[in-house]
Amino acid sequence: MRLLTIEMRKNLTYPGFWIILGMHYFFLITVLFNLQDLASSIDYSDNQYGNIDLSLAPLLQFPDIWHNITYIAGFFKILLGIYVVISITNEFQYNTIRLNLINGLTRTEFVLSKLILILLITIASVLVVFGAGMIIGLKNSDPDVSASFMDKSIFLIGYCLELLLYLNFALLIGMWLKRTGISIFVVLIYPLLVEPLLRWQFPDAVDQFFPIKAMDQLIVFPFPKYIGIEVLETITLSNLLIAATWVVLLFVFSNLILLRKNL
Amino acid sequence: MSVILKTSALSKNYGAIKAVRELDLEISNGQVYGILGPNGSGKTTTLGMILGIINPSSGRYNWFDRVSLKNALYKIGSIIELPTFYPYLSAVQNLKIVTDIKRKGRHNIPNVLEKVGLAERKNHSYKTYSLGMKQRLALAAALVTEPEVLVLDEPTNGMDPQGIADIRNLILEVAGAGTTIFLASHLLDEVQKICSHVAVLEKGRKIFDGPVDKILEGDEQLEIWAEDVALLQQCLSEFKGIEMVNKMRDKFVIKLQPGPTKKDLHKYLIEKGVYPTHFVTSTGTLESKFLELLNQKR
């Protein structure tokens, strides 16, 4: 409770908090509510995804909606990652981490207070996606399927884990590099370039244990099923466990890094 | 007197550089303890270690008879080098973070801001403050929980003369109330005016520690002058057990050797018909003693 209060004092009056998180939720909600229109507006004549035409696909019906919208929502997490990085690197750049430590906050408590920030952002995002999914789903589904409307709600858990993993990854990078610009750069470039290049050296059996792969494989690309190609329409227990393990590891590493630092 | 802080062989290396070497310090309740040294002698590193922001390479330190660092820090108010606060938060909001961390009440915030002279600007964001105001807020943050111990690293850095005087008076007031103070400074004048005890560091090593009075002991000098200068000079050269230090335009500075007292000298001069118009004892300055200590080591 004390850590939550302290973390909220730091964030609620920080303009960046409202700007970056506001942008995230604005984009997220706007896109989710206009998903069908967006899907129809894409020009499918030159599609590299095997000619999947989504303009008439029932994207927003229960229970498939959970898979579809959590997949789409995952793209917006980058803004959240950037905010988590900033909230940590600011502490180093303003040297306010010293203010915290010399007044009796332990290093572990400091990392825990950042974990609280991550949890709050994650919970808020899952609630937004859940709320949007309920509203959109009710509007677009036939009443008779609504009995099974939560069938694929495991994807909400997947989305939650995806955010926790990504934001703890941002925490680790911020804690390690301390400088805002380079940390944001690494948080953006590692998942896109560095890890794919690393994974390329390894067989598939090993691939799945890399952190970003562990995150990406939670919610697989859902749309091929609309042209009859089979996709995994759930999340396997092993994938959930791999991702959860990474969440814990990334947090523990962040704590270890801070414990060893001279500030 | 109970021991507030004890360090044993506390050391910090940055690669090949030995910033602090085998430092033993002991600070007791109620002392105003100054830690002196040239720039780069390890003062800030030492304070960083005892406040838990720098991990020691070896050695140990204990606060208040071995309470955990976290619990000790709740009872300590500190300033470390340059002030660091959240730039977008006001003085009040920054102090609330400090009281929350220390699990203490907020009631003292208006009071302490008044004391350091920041009451008028308490709701302005920190980034609009001048360096002097930032230092005042740092002191406010150190004092806001009414700590048992103050740890101050160069508390008057970057302040104007009025600010320096204000801060000095505030420190003396707090010390007068019985708060133990551990102060690092390279301003010798400041330490001499405030401290009861000092430790002198050079290149990370302690080269002296003890009460300030004791450092200056034996450094007592006598300034003397009379209308009949020639006779005064003659008498001084005849009197056994004094050493002429300096002949100045308007006074002679002499040093009494062990044996004769000031009273003996005064009596002798009167008997010889010399009536001193100026007869003043001056203690040496910490500055001269400090330079002497450093030179002895070289």
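How many of the eight residues of helix H1 (residues 43–50) of chain B are buried? Seven of them are, so the helix is mostly covered, where buried means under 20% relative accessible area, exposed over 50%, and partly exposed in between, using a 1.4 Å probe and the protein chains only. The seven are Lys43(B), Thr45(B), Thr46(B), Leu47(B), Gly48(B), Met49(B) and Ile50(B). Helices here are DSSP runs of H or I with at least four residues, strands are runs of E with at least two, and both are numbered from the N terminus. After H1(B) comes Gly52(B), with a positive phi near 80°.

Before going on, a word about what you're looking at. This is a predicted model, in which local features need pLDDT of at least 70 and side-chain atom pairs count only at pLDDT 80 or more, while totals for chains, interfaces and linings use all residues. Residues are numbered from 1 along each chain as its sequence is written, chains are lettered from A and ligands numbered from 1 in the order in which they are written, and side-chain values use heavy atoms, with hydrogens and water left out.

Let's step back to chain B as a whole. Its secondary structure amounts to eleven helices and 13 strands, and its C-alpha atoms fill a box of roughly 75 × 45 × 35 Å along the principal axes. Chain B has 298 residues, and 50% of them count as buried. Take the contacts (heavy atoms within 4.5 Å) between residues at least 6 apart in sequence: 68% of these join residues at least 24 apart. The accessible surface of the chain is about 14100 Å², and carbon and sulfur atoms account for 49% of that; such areas come from the Shrake-Rupley method with a 1.4 Å probe, and for residues only the protein chains shown count as cover. As for charge, the chain carries 38 positive and 33 negative charges, whose mean positions are 8 Å apart. Lys and Arg count as positive and Asp and Glu as negative, with His and the chain ends not counted, and each charge is placed at NZ of Lys, CZ of Arg, CG of Asp or CD of Glu.

Glu22(B) isn't a glycine, yet its phi is positive at about 45°. This residue sits in strand E2 (residues 17–28) and counts as exposed because its relative accessible area is 56%. Lys203(B) is another non-glycine with positive phi, here about 50°. Look for Lys203(B) in the loop between strand E8 (197–202) and strand E9 (205–211); with a relative accessible area of 55%, Lys203(B) is exposed as well.

Ser125(B), in the loop between helix H4 (109–115) and H5 of chain B, has 19% relative accessibility and therefore counts as buried. Setting aside residues up to four places away in sequence, Ser125(B) touches Pro87(B), Tyr88(B), Leu89(B) and Ser90(B).

Now for the spaces inside. Helix H6 (96–102) of chain A, strand E5 (76–79) of chain B and helix H5 (131–143) of chain B each supply at least two lining residues.

Over in chain A, start with Gly137(A) in helix H7 (residues 107–140). Gly137(A) is buried, since its relative accessible area is 0%. Beyond its neighbours within four places in sequence, Gly137(A) contacts Leu60(A), Phe62(A), Ile65(A) and Ala132(A).

Finally, find His24(A) in helix H2 (residues 15–33). His24(A) counts as buried because its relative accessibility is 0%. Apart from neighbours within four places in sequence, the contacts of His24(A) are Phe76(A), Lys77(A), Leu79(A), Leu80(A) and Ser125(A).
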